[in-house]
Amino acid sequence: MSMNCTYFTLLIAVAILLQITGLSLFVFGFFPIRPALIGVSGPESFRPPSCEDQNHTALHPHQLKLLYQKLSEIPPSYDRLILMVIDGLPAEFVLGRDDLKDAMPYTQSLLASKMALSYHAKAAPPTVTLPRLKAITTGSIGGFLDVLFNFNTQALLEDNIIGQFFRIGWKMVMLGDETWLKLFPGLFTRHDGVSSFFVTDTVQVDHNVSRHLSYELYKNDWNLLILHYLGLDHVGHLGGRSSVMMGPKLQEMDEIIKMIHLSTIRSLESAHQRTLLVVVSDHGMQENGNHGGSSYEETDSLALFIGPGISHVSTTYDTISQVDITPTLALLFGVPIPKNNAGYLIADLFHTMEDHQLLRAMELNSWQLLRLLQAQATDSTCESLEDPYSSLYLDAAALHGSWKSKNVLRSASSDDLKNTVLAYNEFLRTASDQLTHRATAKPIGLLASGVMTLLLSCVMFLGLLFKLGQEIYPNLLTHKFQLSEALVGVIIVIIVLSMGSSSLVEEEQYLWHFMTSTFFLVLLHKTIKSTTGNCSCQLFLIAVILVSGRILKGWHQGGVNWTHLPDIAKSLESSRSPYINFLQIISILLVISLCLYTLSSLWSRGNIVILIGLSYLCTGLLVLQYVLKYQGNGAGTSNNDAVLAVQVIYGFIITSVTVTIIASPWFMSLQSKDLVLVIKDCLYLSGTTYMFGWCLLQLLLQQPVNSMVMSLLLVQIIATIYYASRDGSDVKQWVEIAAIYYLGMAGHFSLGNTNTLATIDVAGAFIGISSHSTVRSGVLMFVITYASPMLALLSMVMSISVKENNTILKIHEVKMGQLLKIILGFPCLVPLGLNSVLLVAYTIILLVMRNHLFIWTVFSPKYIYVVVTTVCVLVGVFIVASTVTYIISTAVFLRKKRLR
Amino acid sequence: MLFQIPATSDIDKVDADMKNNKKKVLSPSKVVVLHLICGIGLASSFWLAINVYSINLIENPVETLRLVWLIQVPVVILIYSFFQKDKNQSSYLKAVARGLLGLPVGAVVNALGAIVLGAPVGTRYFQRTLNWSLVMSAFTFVPAASVYGSSWVDWHRIFALTKPNGFIDYMICIPAYGAVIGAWFGAWPMPLDWERMWQEWPICVTYGAIIGYLVGMLASFSFAVHHVSSQHVKGD
């Protein structure tokens, strides 16, 4: 009946390994990582790719411009560029298939008279402004995980065309969406950014752009003018595609195109100021005006080229990729193509050039794509020419070479030219497909195997949990479930069901608080029901949990939709009152006194306990001193003294925790002869150490407003542990652990966390770090964000020690393996099981929702949180299991040694 | 056969109960009438609100809730006081007074429960929470206070142990539990971003409570009917 301990541990380990494997498979399938090349393209991009691309020396912008012109062998077709971005304009509005076609008469007349070149530009999801602007300027399709990799950096560091223009000394002017200013800080000579925050404003936001337009067109000293109109997107968000405001808005845009065309292009055509007007939209919109997903309506954006020499040849409008705009602009203006570009040039725009220039443009584009492909190839050797695209390139290069030699002899036929162009086109299309496909494709096999592995590990966890339950409670199946026990399962089912709804994912904090409070209300009901035992004390404990839970819920409003509502944190921060500092001191004192109180029951066990108590008192006072000295006066946290003070506190906490854990069995064995007592005392001591060490660390790291939250969480967890350890309560161990886990999850949101990545406390991740280190900052960020679930997990050690567990009394009768299994079974398996249910359910939901509108804005960030929670649970369970194993085995070992 | 044994013992208890207070033997028809009057009271308060005062729960939650409890409380107290348990000093007026006393106590308990579960706190919501908790008190506490008075044993039996015993107990506790559970479910749409007026506290919670209350009354009524029919079968 009962399972061998080794076997049991082995099965858990296998399940954990399966979970990790499945998770990695799924994550790498769902969020493909695209290795982006760092650095910028320089003069070497005009030479064929070779292994030793040397760095070029810094040149004056003017010299660089001349160098580029000499190297590229293509004279720039235009002198100036006007990039007009109309946010959210679907290409159909301009190119037909929509009844709004007549709303832009001037643009239509340009298209009808073949003076403009227009395309459906396919945008890659996520179809929101920032990633689309990045795609247009860098030519690369970013993966979702890019958000994580450059979390703190808003400026676009990748090689991009705006930077290339800046490097050859262009003067640039930006009017419109201030996203541009965040992406390219300091690159614009003049700018007027408007915010896209007020979606209800559809008029002023565009007027603020247009009011400068006549001045800028007259001023005439710039090379690049960026206009970004947000009004149309706002109209869509308010009233959808067929809003009554859409027609007038399109007319307004048409007027602007007309104005630019008439004033600059026509009048300056003769004055060697050839201007290219490019009208693009970053993304389209759905019928109801929303965007973000990958439906045709959202990805169908516009690319419209108006300028001297442009003529449209075909009658239909081709579909290009949005990233094709980048190499086209780079080649037209004679700058190197950005390094990570995955697009290929729009050949129609090069028809006015001479044949050898067209081929040269294609060659340059091919070299750039080939470099990128070589960099991304798994074997980084330069000679990896086995791939299909390499042979395609060699074909095209060979044809190009023969055409060149024939051209010198004037014997090149038009067939030769056509073949070369075709060969280049073939290569460019294949390479570009390969590069873009890699960024957006979802390998179904990988995803399915990942999900299946996760499912298997979840089933294993639940099976082991059930088996363990059967062993510990022999009458598990016949036993009538209590309401509180059933509720543990119901809560998980409700949470899983709710995760399918995007608005409940956004507002998850309500659910956790509501369910946790309900659980404790049910416990309250149960306590009233049982007339035996120390009733009033238990009632008091539950009341404390409920009241602190309510305060915690009110601390941060959280979520996405109701953030504007008042909450405690906002009122504390807005009033600039001394209350924050006051509350911070109160909570530090509360934590210290709670710590000393919990240790006080062990005072009689000798000096080591007093020593530990003193070390915590010291650490607490150090934290207090740090808070008073550095946090009170604002920006003083970055100087050397502050960093040193924090590092001292880190050192104190780490040393005292480690020393306590390692030394406690040895000291306790000296104090007492009773093995059971020794083990219980050691566990109690280590549990206390973990909890208070963690709490003091959090009081140091968390934002000042959150310190009270931390201490209330601690109070809640301690109250739960005490409640469950009372004689009168018949709360089973697995129910208690589930309750603590739920408290930890509810507390996660009380600390102000949400399911968007925006609430991660980036500033806190640099406390006490003297030099920049991604790893250390990452660890600190994890520690700050997962403060509450980790506290819940670490409290398991204490919960084990105070449990009136009969099994621990039978230590002389059972083997150590069996004992460990009984003691550690639930504290390890319950968090693992609950978390794996949530993980599997959410993985499946993510897979089902992969075409949902909010997949990139709501579901994917939530999934990142779910994955990191899994990591947190694994780490926490590992710490608990190893600590308990160490203590028990050392105590038993010392005992045996003494008996011998 | 196995399942009938507890049923008969239950009936025996009911019989014994009925013998104890011979003056007020409770027949199923009385249960029906009682619940009907409570339901009519509730319906008439809403009818009055809409047709006479032209207010409704969504636009004027405070006024409507006030009207509901102002009408419902007297109805409930007057009806339930007929069935008071305290036989020794069976003064009808005393039962009425106990019911009135139960109203604020029940309101405090309900309000505390709601706040713990996340109801908004603050001066803006004070009126709403106050009137809502008075309505909930009329659904849950007031009937029990009228019938049981301050008998801790009875309160403990039906609300803590959930072991109702006889028609009166069922009549009180099933609608009360219905109202509480309904209110709990009624809170579900509140965090959703549908931007409807009725998602505000305490409108949808009130709707949930009323639906739960009505379902509870229906259950209690059908229980009574079922019980009588089984009794008839047994008699035959």
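Of the 236 residues that make up chain B, 39% count as buried, where a residue is called buried if 20 or more other C-beta atoms, placed from the backbone, lie within 10 Å of its own, exposed if 12 or fewer do, and partly exposed in between. The secondary structure of chain B consists of eight helices and zero strands, and reading along the sequence gives the pattern α-α-α-α-α-α-α-α. Helices here are DSSP runs of H or I with at least four residues, strands are runs of E with at least two, and both are numbered from the N terminus. Among the contacts in chain B with a separation of 6 or more, 74% are accounted for by residues 24 or more positions apart, and two residues are in contact if their C-beta atoms, placed from the backbone, lie within 7 Å.

This is a predicted model, in which local features need pLDDT of at least 70 and side-chain atom pairs count only at pLDDT 80 or more, whereas totals for chains, interfaces and linings use all residues. Residues are numbered from 1 along each chain as its sequence is written, while chains are lettered from A and ligands numbered from 1 in the order in which they are written.

Chain A has 900 residues, of which 47% count as buried, and its secondary structure comprises 34 helices and eight strands. Of the contacts in chain A between residues at least 6 apart in sequence, 78% join residues at least 24 apart. Chain A is divided into domain 1, covering 5–30 + 443–899, and domain 2, covering 43–314 + 327–352, with bounds that come from an automatic or database domain assignment. Taken over C-alpha atoms, the centres of these two domains of chain A are separated by 49 Å.

Where the two chains meet, the contact takes 16 residues from chain A and 11 residues from chain B. On the side of chain A that touches chain B, helix H20 (502–506), helix H21 (508–529) and helix H22 (535–555) each supply at least two residues, and the largest share, nine residues, comes from H21(A). The residues on this side of chain A divide into six nonpolar, six polar and four charged; here Ala, Val, Leu, Ile, Met, Phe, Trp, Tyr, Cys and Pro count as nonpolar, Asp, Glu, Lys and Arg as charged, and the others, Gly among them, as polar.

We can now look at how some helices of chain A pack. Helix H15 (residues 355–376) and helix H16 (residues 388–408) of chain A have axes that come within 11 Å and cross at roughly 155 degrees, which makes H15(A) roughly antiparallel to H16(A). The axes are lines fitted to C-alpha atoms, for helices over the stretch in contact, and the angles run from 0 to 180 degrees between N-to-C directions; angles under 35 degrees count as roughly parallel, over 145 as roughly antiparallel, 65 to 115 as roughly perpendicular and the rest as oblique. The contact of H15(A) with H16(A) has seven nonpolar, four polar and one charged residues.

Helix H25 (residues 607–631) and helix H26 (residues 640–671) of chain A pack at an angle of about 165 degrees, with their axes 10 Å apart, and are therefore roughly antiparallel to each other. Their contact has 15 nonpolar, four polar and no charged residues. Helix H28 (residues 707–725) and helix H31 (residues 787–802) of chain A also have axes 10 Å apart, but pack at an angle of about 30 degrees, and H28(A) and H31(A) are therefore roughly parallel to each other. By class, the contact of H28(A) with H31(A) has nine nonpolar, four polar and no charged residues.

Two single residues complete the tour. Thr883(A) is found in helix H34 (residues 855–899) of chain A, and it counts as buried because it has 22 C-beta neighbours inside 10 Å. Not counting residues up to four places away in sequence, Thr883(A) touches Ile661(A), Ser686(A) and Val797(A). Leu468(A) lies in helix H18 (residues 444–472) of chain A, and with 22 C-beta neighbours inside 10 Å Leu468(A) counts as buried. Leaving aside its neighbours within four places in sequence, Leu468(A) is in contact with Gly825(A), Phe826(A) and Leu829(A); Leu468(A) and Leu829(A) are 361 residues apart in sequence and 9.2 Å apart in space, C-alpha to C-alpha.
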